[in-house]
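Dear colleague,

I am handing over a structure that you have not worked with before, and I would be glad if you could look through it with the notes below beside you. The notes follow the sequence and the model, and they go topic by topic.

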Amino acid sequence: MTEANRRDFLKTAGAAGLALTAGSRALGSPIGANDRLVAALIGAGRQGTYDMLDHLRHGNVDVAAICDVYQPNLQKALKEAMNAGARAPQAVSDFRRILDRKDIDIVIIGTPDHWHAAIMVMACQAGKDVYVEKPICVRLAEGKKMVEAARRYNRVVQVGTQQRSGRSFQRAVELIWSGQIGKIEFVRTWNYGNEYPEGIGDPPDSSAPADLDWDMWLGPAPKRPFNWNRFGVGDRWSTFRYFWDYAGGMMTDWGVHLLDIVNWALRADGPRVITASGGKYLLRDNRETPDTLQATFEYALSSPPVEAIREAEPGGGAAVPNQDPPGCVVVYENRTANANSMYGKGYGMEFHGTSGTLFVDRSGFQVYPETKRGPRGEVNLTAAAEMHEEPDPHANHVMNFLECVRTRQRPISDIEIGHRSTSVCLLANVAYRSRERLVWDLEKQELIEGGQQARELLSYSYRAPWALNV
Ligand SMILES: NC(=O)c1ccc[n+]([C@@H]2O[C@H](COP(=O)([O-])OP(=O)(O)OC[C@H]3O[C@@H](n4cnc5c(N)ncnc54)[C@H](O)[C@@H]3O)[C@@H](O)[C@H]2O)c1
């Protein structure tokens, strides 16, 4: 994000609750508030259907087509769409039929992660605006192309990191920016749970169900025999999440929600140094991603978060010999065989500042003031503050997208923001899989340090006939 964009966020995030950055006008003129938008859903599983229903509920939107390669999900989504007011959407199993339709303005992408990039780029080329689920891709090189496509074809692209549209997340970030908890040098984020010992189970490979087009589900990913856990659809969140070809485990599935807020609060595009430790130590299932992981990120903060903090300090925060430039250590932890947690919360973020600690999750935030006496006898104390989240940031997120489709401004989770948040998580997985310490050039988005294996993990070759040409 540019410095100008960051300033825009600061100006608008608190007041309007919606941070709109100046965007380039896309093809045609802004769409009137009363003009009906026509949307289509590609990937009608759990989250895609939820996204679609919020489009139907909260905007002047019709859903004209739904695509899935798994007939039961397609039929279920059609029924739900019609119950919510859609007028007999077209049912298709090849998403290209949706992109061919000239009357469709918006494509919602709710497929597994490995399909996001190809569909999003093709949708941009077809002149559609896109709501794409997080994480935006499985390899970093795809994300760069997604940003390029959105800009080249002047499309509005919102990423499904809906916490940015949560009022309490916005207020928490504003509070951090205002300096209320002081300088931040440590942030912890986590997902803890206990699935020991079976985890997601270990079904054998088998033939695919007759009502699933497995080859189309695999798409650009390598050809593999069908395995129910790779496909993953069932009465829980789909388990494709735990296979490297289609996703990145909890690090990308949940980590992206958490590290998205960290990037935002630290006003950074991501870390400079990335390391990760862990393994699949305990769960007896066929997942490929680790059951235990700790990723550590060193953020180089080019300027202190808030100038006011420096000025308020004795000596004005002048440089001290042997002191590192401003920075922050951020950790992401995932445990799956022990659920004991801080604040009794299975997931969350805590920002540790010199004056206080801010805990935030989807239920709201809480500030815990520092009361410790410093070496000069001063007491660090900040006002306790807390806020409870209103129930549904997701609806706000969809509304923000629809508003931007009409005004041609960039949405609150514009594709570049989503790309940067996804990149943090993908880099952690690269560090974990290569067992290397990575040094990352945020400007060029290239590895400064990292060996051959790490470099190879930044991209992959799509299986024909799929390609990612912007
Ligand atoms: N924003 C959030 O909070 C949130 C929450 C959950 C999931 N998600 C994201 O949503 C996405 C979907 O996750 P899910 O749990 O709903 O998965 P899911 O398995 O329930 O749904 C995915 C659907 O996509 C379909 N699909 C696969 N390939 C397709 C293709 N080529 N064309 C059309 N349909 C295709 C599958 O058959 C399936 O029905 C993931 O990227 C996930 O990370 C986001």
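For the aromatic rings, the rule is that rings of Phe, Tyr and Trp (its six-membered ring) pair if their centres lie within 6.5 Å, with planes under 30 degrees apart counted as stacked, over 60 as edge-to-face and the rest as tilted. Please keep in mind throughout that this is a predicted model. By the rule above, the count comes to 20 aromatic pairs.

Because Trp217 belongs to helix α8 (residues 214–218) and Phe231 to helix α9 (residues 228–231), the pair ties together parts that are 14 residues apart in sequence. Trp217 is buried, with a relative accessible area of 6%, and Phe231 is buried as well, at 2% relative accessibility.

A second pair to look at is that of Trp254 and Tyr347, which is tilted, with 4.5 Å between the centres and 45° between the planes. Here Trp254 lies in the loop between α10 (249–253) and α11 (255–266), while Tyr347 lies in strand β11 (residues 347–353), so this pair ties together parts that are 93 residues apart in sequence. Both Trp254 and Tyr347 are buried. Tyr347 also lies 7.3 Å from Asp361, C-alpha to C-alpha, although the two are 14 residues apart in sequence. Asp361 itself is found in strand β12 (residues 356–361), and at 3% relative accessibility Asp361 counts as buried, because the cut-off for that word is under 20%.

Returning to the rings, you will find that ring pairs link Tyr70, Trp214, Trp217, Phe226, Trp228, Phe231 and Tyr246 into a cluster. Two arginines are also placed over rings: the charged end of Arg335 sits over the ring of Tyr192, 3.7 Å from its centre, and Arg287 lies over the face of Tyr242, at 4.4 Å from the ring centre.

The next topic is the ligand. Which residues come nearest to the ligand, among the 30 around it? They are Asp68, Asn73, Asp113, Lys134 and Ser238. By type, the residues of the shell around the ligand divide into 12 nonpolar, 11 polar and 7 charged. On its own the ligand has 850 Å² of accessible area, and the protein covers 97% of it. The elements that give two or more residues to the shell are α2 (46–58) and α8, and α8 is also the helix that holds Trp217.

Finally, please look at helix α7 (residues 167–177), which is mostly covered, since 8 of its 11 residues are buried. The buried residues in α7 are Ser168, Phe169, Gln170, Ala172, Val173, Leu175, Ile176 and Trp177. Just after α7, Gly179 takes a positive phi of about 90°.

With best wishes

Definitions and conventions. Residues numbered from 1 in each chain as written. Predicted model: local features only at pLDDT ≥ 70, side-chain atom pairs only at ≥ 80, totals over all residues. Heavy atoms only, no water. Helix = DSSP H or I, 4+ residues; strand = E, 2+ residues; numbered from the N terminus. Buried < 20%, exposed > 50% of the residue type's maximum accessible area, 1.4 Å probe, protein only. Lys NZ or Arg CZ within 6 Å of the ring centre and 35° of its normal. Near = heavy atom within 4 Å. Areas by Shrake-Rupley, 256 points an atom, 1.4 Å probe, with all protein chains shown as cover. Nonpolar A, V, L, I, M, F, W, Y, C, P; charged D, E, K, R; others polar.
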